[in-house]
Amino acid sequence: MSRSTGSMRRWSLALLATAALAYAPTAHAQAAQKIDQEYTAQIKKDLSDPRVSTELVDHLPASATVPTPLKFLGHIIGAPGYLDHNEDINRYLEAVAKASGGRAKYWVIGKSEEGREMSMFVVGDAQTIANLDKYKGYLHELTDPRKTSEARAKQVIHTAKPIYWITSGMHSPESGGPEMLMELAYRLVVEESPLIQNVRNNVITMITPVIETDGRDAYVDNHYFNLQWEKDHPSANGAAGGRGGPLPLMYWGKYVQHDDNRDGMGQFLDLTKNTTKTFLEWTPTILHDLHEAQTYLYASTGTGPYNDALDPIIVDQWWYLAKNDVMEMTKRGVPGVWTYGFYDGWVPNYLFFIAHTHNAVGRFYEVQSYCGNSDCSNYAVKPGNTTTSKEWFRPNPPLDSILWSPRANTNIQESAILFALNRVARDKDLFLENYWDQNKWAVNKGKTGPVYAWVIPANQHARENAADAVNELKLQGLEFNVASTSFTAGKVQVHAGDYIVRGDQPYRTIADMYFALQNFPPDNPSPYDDTGWTFPLMRNITVDEVTDPAILRQPMTMIPMAKTVVAAGGISGSGSTVVVPNNSDNTLVSLRFKFPKVAMQAAEAAFDVDGHHVGAGAIIIANANRAQLEPELVKLGLDGYALAAAPPVKTHELTTPRIGYIHSWSRTQDEGWVRAAFDTYGVPYHYFGENAVAKMGDLRAKYDVIIYPAGGAGVGNAAGGRGGRGGAAADVPIPFKRTKQFPALGYPDSTDDIRGALGDAGMKSLYAFVQHGGTLITEGNTSGILPELNLTPGVKLEQASALFARGTILRGQITDATSPLVYGYDHTDVPVYFSQAPVLNAGAGAQPIAEAADAGAAAAGRGGRAGSIAQNTTPMANLLKLSAWDPDHTGTAYGLATSEGNDFNVAQAGAPAGGRGGRAGFGGGRGGFGAAPTSVPGLTADPNSSTRVVVQFPENASDMLLSGTLEHGELLSKRAGLVDETVGQGHVVMFAFRPYWRWQTQGTFAMGFNAIVNWNHLDAGR
């Protein structure tokens, strides 16, 4: 229910009066310290509403030696219109540390892809800072119960100090955290109030002000660019109907935007690697990440379901700290501080989950935005009644209306963090004891089962992909051993050299979270992100769970944490012809592009030679230069067999194509993961925007392959018109270029004008490229563009609004194993990542979607789904039935030992396929870009088109779900996952699933790489 602003104001003022009396002693203590009058006066001036402030931050103490932000930067924190670059933030924190009198230190923890520094500022009492390494050692003792006795742990708990690490600047437009943390650093060094002294004496506070340093500078330059644009183009700005200019933040970092906070599992981005490395070095007790865009301050707990592997104590501490923040702010009359009703706590890919995977506490805030408009000035916030209603999780809700400001953002989150720090300081022994217990219980799980270890066979099919997985997990602190001899453990045959993850290690939590199957019943609130992520499935590698404790007594040798594992590679035999088997290892594409001038052939069928069975897709190199080739095979973890003559098998040439890569200027988020894979494995490409296509002339003369990844807008949409992007007046170009004034703009691509999508002319040019022999590769929403325009007669795009398949792992069935697209895959099934759309009906036999939807609705009995804050007290009581994953037909389904309730589809024989009700799709067939045209004037489908379905979803819905969630799976029955559509002389390769999703789906990377290197022979095997 909502209240009038007047009644809320009366209540808030009464609470403020009470708080003023209750906290008079604190105020007197502060009065004893000199206040910086100029800075404090500006706080009062710039704070748009005093109700979102507390006695902790309504002033700034003075210092004769430590510079304030005003003296150093020329403005107070929260002054309207001001934003600071990463370098200036770091310079300020370094200056505070130098002037701190021994209370603080500053250093650099790593660099970004563009070379910008990520910094660390640490503050405590002078004695602690002088002995930081000793305190670091205490926490390391509490981390590893294998080395620390219970008696010693009790001593350390009373001697050590918890580390509270605050990070910010992950999402570049969320600009307030980096600013506020400068003032917090100053306050923690200078202020002498009892609360600050308690924090300084009992907690080691670590601050990393900017995580995405490249994006921070891009956002700040973008901000000032738009302010300058407003001055230079007043008429164009008026036509745009906005303030501060029309340029959006094109790139938040080199590769991705918002997804930089979804890299905790993948560990691809430099910011994630730097954070993880620092966490492993310092083992913080709490990691607290600052975000924006909720009204007014959300302290994270989540609605659930919580990740299955979270220690219950972590969940309790999550709530304990969140309710502390809500209580302390609420009893001071601060409105709009709340918890619970946002986010869920399920998927472990967020930055703060780096703490959870290491048995510490991860937290985050969402705060009302610092810059709610282009010029970072004051702005009105008028939320709806679902935000302002008084609920159990927000006892003092946001107001019906408030004037917000950058300083309001500063005051509310700085106050909350200080209360959190004070709580941890008061209860430091409790948090340290809990940390010890969590690590101890993790180790004990390896002694009590049911899983005592995991084995990753070193000589499995995709063995270099397996080695890569080992390296990625080692980066996160998971320990690996190598089996010294062969032995049997339970049902698992272990060979000498196999990789073993012992279950009796503190960081086994990583394995528990990553290796388990996920089961997300649709009765839960709408998921915040992906529902399935099982590591072995996404990478399509073998990981065996060992339920026999005897494995812990077998001889094994620990792999040094700093050692990079590479699969055994090289050349055996003699002869001038070398055969490199295709085992779907991703480094095969690296081999092809490492030697672009060396002639290579691909075998179109399996063959046997010299005692080796070699599958289709093997690379055959005649007259090979062994001295040149073998060192690279060793580096890439690939095997080669030297033969006297070429094997008797049909082949085709593997040329190195000229690759064009189209990106959208309206969404650079998803395509960055494709670039990440290409850059990592050495696939060269020319990168250009959609709006450039129409101006490039004959595409076929320039390129053999064009990649058009997810995020593309096609010819345009309802929001931006046929030209794509709306915004400024049509006759005023909007540049995105690096200049002396704005050096952070114009990367990784630049343009004189960001406006426009492909447009009709661009689509005609792209279609002609295919007709004349080029290969176009699409994935995700771009795979629906040509079908939506009726340019692929054999492939229809369907809307499946009742389907619920949010970020889930489904079974893909290889229906044409002779296609070069699936060279290297040794099973008929493959796990694929799919999220809602596109739904492609291709080939023969699939029931039209309308009929299937009617049948599903009839079976379901009810429609609709709960919103994110609807309450169901037992949503996990009725788990879904997963489909068994057992590609080797061992009789034991993967995940059986660790998956509660997952009795797999053997238990649902004869059950209705309908599920529990419908829900709206996440963006439908086009990924949420709005209504799109269904034709291009003057362009019709090439009559010489034919359809080849290479991967499709199973006919029975009960066979689809491997991990995650699925409802109304019948709407995907026999729908295509991967289609090769012949158009004229060329091909359109359409992935309905996402082969390059984040840095997690390495198991399907090879399908995209196959499309590239076999681009002109995709008809092989037909």
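In which loop is Ser 584 found? Select the loop between strand S19 (577-580) and helix H22 (587-594), and Ser 584 is there; helices (H or I, at least four residues) and strands (E, at least two) are DSSP runs numbered from the N terminus. Residues are numbered from 1 along each chain as its sequence is written, and side-chain values use heavy atoms, with hydrogens and water left out. The model is predicted: local features need pLDDT of at least 70 and side-chain atom pairs count only at pLDDT 80 or more, while totals for chains, interfaces and linings use all residues.

Ser 584 is not a glycine, yet its phi is positive, about 65°, and the residue is buried, with a relative accessible area of 6% (buried means under 20%, exposed over 50%, partly exposed in between, with a 1.4 Å probe and protein chains only).

Select Asn 359 next, in the loop between helix H15 (353-356) and strand S8 (361-367). Its phi, near 65°, is likewise positive in a residue other than glycine, and Asn 359 is buried, with a relative accessible area of 3%.

Then colour the open sheet of eight strands, whose order is S1-S2-S4-S3-S5-S8-S6-S7 with mixed pairing; two strands pair if DSSP finds at least two bridges between them. At its edges, strand S1 (104-111) and strand S7 (337-338) each pair on one side only.

Finally, go to Pro 450, in the loop between helix H18 (428-448) and strand S11 (453-456), where the peptide bond from Gly 449 to Pro 450 is cis, with omega near 10°.
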